[in-house]
Amino acid sequence: MKINQTVLKEFILVGFSVYPHAQTFLFAVFFCLYLPTLTGNLAIMGLTWMDRCLHTPMYLFLSALSFSETCYTLTIIPKMLADLLAKDRSISSIGCGLQMCFFLGLGGTNCMILTLMGYDRFLAICNPLRYPLLMTNMVCGKLVASAWVVGFFISVIETALIFRGSFCNSNLVKHFFCHMRAVVRLSCLDSDLTEFTVTVMSVSGLMGTFLIIILTYVFILSTVLKIPSAEGKQKAFSTCASHLTVVIIHFGFASIVYLKPEASGGDDTVIAVPYTVVTPFLSPLIFSLRNKDMKNAFRKVLGKKFLE
């Protein structure tokens, strides 16, 4: 029997249309979360650019993470907000592929930059004398560029695997964006094999970077415990607290999305909200509120008269 294959020109993002009475409320909530997210990340990038005291690898990595997260949220949230108020929730096939590619690529880039930030803290605490030689601004830039290249190299492969064939099921994507699991289920090819392949690739990248971060913190902890003074220990821990908090939130929410068993049930749309909306909202808050250098840079920009 021949399979009825259809060349789809567009997909329909079902998203939150299954909750018709809550869409206006959801729009207000997500919009109120998105504005501080965008403002916070832009503020971090702007302060890092303007204040020469922040032109160090630690803050260059933070600025790179803020830029990556800004692009990441722009890929998903504006379209989601528009769909919450619009009746037409369609997205072209090309647009869907691009959204998926950028979502996966930027998500992978975020994971790698967080790993690089952990490596930076490892060098600063465990090899303080050699740190200025090992981690220069030039090295930092090359590492960030490598994170982008690797992140998008993997995302292009995953997107190509999903879109390599035609789609013979309905064009209804049961998500608020072109999530790989939701789209691959519409494929005419062996969707189970494709879904397994791209999931293994994503989970391997996710768990691999997380394990590297854990390993760096094992070395950091062992070094900090050898510091004789309590003040020295507290100072060392304070430089890592914000990063470690964001890592736990980022990888914790991501693991819920990618490690959730298929048969466990639950609405994938709702489960993805913490990873795509809440995590980017919390990240700039945690990094800026717990950082004295960022606060000092902010005071310089505003001026004392605005703070009195």
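Buried residues are those under 20% relative accessible area. In this predicted model, cysteine 178 has a relative accessible area of 0% and is therefore buried. Cysteine 96 is likewise buried, its relative accessible area being 0%. The two residues are joined by a disulfide, with an S to S distance of 2.1 Å. The torsion about the S-S bond of cysteine 96 and cysteine 178 is about -125 degrees, so this disulfide is left-handed. The bond connects distant parts of the chain: cysteine 96 belongs to helix 3, whereas cysteine 178 sits in the loop between strand 3 (172-173) and helix 6, and 82 residues separate them. The disulfide count for the model is one.

Two further cysteines were examined. For cysteine 53, the closest cysteine sulfur is that of cysteine 140, and because 17 Å lies between the two sulfur atoms, they are too far apart for a bond. Cysteine 53 counts as exposed, at 55% relative accessibility. Cysteine 71 also takes part in no disulfide, and the nearest cysteine sulfur, belonging to cysteine 101, is 13 Å away. The relative accessible area of cysteine 71 is 21%, which makes this residue partly exposed.

The structure contains 15 aromatic pairs. In one of these, phenylalanine 103 and tyrosine 275 are arranged edge-to-face, with 6.5 Å from centre to centre and 85 degrees between the planes. Because phenylalanine 103 is in helix 3 (residues 93-126) and tyrosine 275 in helix 9 (residues 268-289), the pair ties together parts of the chain 172 residues apart in sequence. Both partners lie under the accessibility cut-off of 20% for burial: phenylalanine 103 is buried with a relative accessible area of 3%, and tyrosine 275 is buried with 6%. A tilted arrangement is found for phenylalanine 210 and phenylalanine 251, because their ring planes are at 45 degrees, with the ring centres 5.3 Å apart. This pair also links distant parts of the chain, with phenylalanine 210 in helix 7 and phenylalanine 251 in helix 8 (residues 230-258), 41 residues apart. Phenylalanine 210 is partly exposed, at a relative accessible area of 24%, whereas phenylalanine 251 counts as buried at 5% relative accessibility. Phe103 and Tyr275 also belong to one aromatic cluster, together with Phe16, Phe30, Tyr72, Phe176 and Phe177.

Charged side chains were treated separately. Side chains of opposite charge can pair when their charged atoms come close. The salt-bridge count for the model is four. Within helix 2 (residues 57-85), aspartate 83 and lysine 79 are four residues apart, so about one helical turn separates them. These two residues form a salt bridge in which the closest N and O atoms are 3.3 Å apart. Aspartate 83 counts as buried at 6% relative accessibility, while lysine 79 is partly exposed with a relative accessible area of 22%. A salt bridge is also formed by aspartate 120 and arginine 121, whose closest N and O atoms are 2.9 Å apart. Aspartate 120 and arginine 121 are both buried.

A further salt bridge is made by the side chains of arginine 181 and glutamate 195, at 3.9 Å from N to O. This distance falls within the 4 Å cut-off for a salt bridge. The pair links distant parts of the chain, arginine 181 being in helix 6 (residues 180-184) and glutamate 195 in helix 7 (residues 191-224), 14 residues apart. Arginine 181 and glutamate 195 are both buried. Through salt bridges with shared partners, Arg181, Arg185 and Glu195 are joined into one network.

Helix 1 (residues 23-50) packs against helix 10 (residues 292-302) at an angle of about 75 degrees, and the two axes are 10 Å apart. Helix 1 is therefore roughly perpendicular to helix 10. On the side of helix 1, Ile44, Leu47, Thr48 and Met50 make the contact, and on the side of helix 10 it is made by Met294, Ala297, Phe298 and Val301.

Conventions
Residues are numbered from 1 along each chain as its sequence is written. This is a predicted model: local features need pLDDT of at least 70, side-chain atom pairs count only at pLDDT 80 or more; totals for chains, interfaces and linings use all residues. Side-chain values use heavy atoms; hydrogens and water are left out. Helices (H or I, at least four residues) and strands (E, at least two) are DSSP runs, numbered from the N terminus. Buried means under 20% relative accessible area, exposed over 50%, partly exposed in between (1.4 Å probe, protein chains only). Rings of Phe, Tyr and Trp (its six-membered ring) pair if their centres lie within 6.5 Å; planes under 30 degrees apart count as stacked, over 60 as edge-to-face and the rest as tilted. A disulfide is a pair of cysteine sulfur atoms within 2.5 Å. Axes are lines fitted to C-alpha atoms, for helices over the stretch in contact, and angles run from 0 to 180 degrees between N-to-C directions. Angles under 35 degrees count as roughly parallel, over 145 as roughly antiparallel, 65 to 115 as roughly perpendicular and the rest as oblique. Contact means heavy atoms within 4.5 Å.
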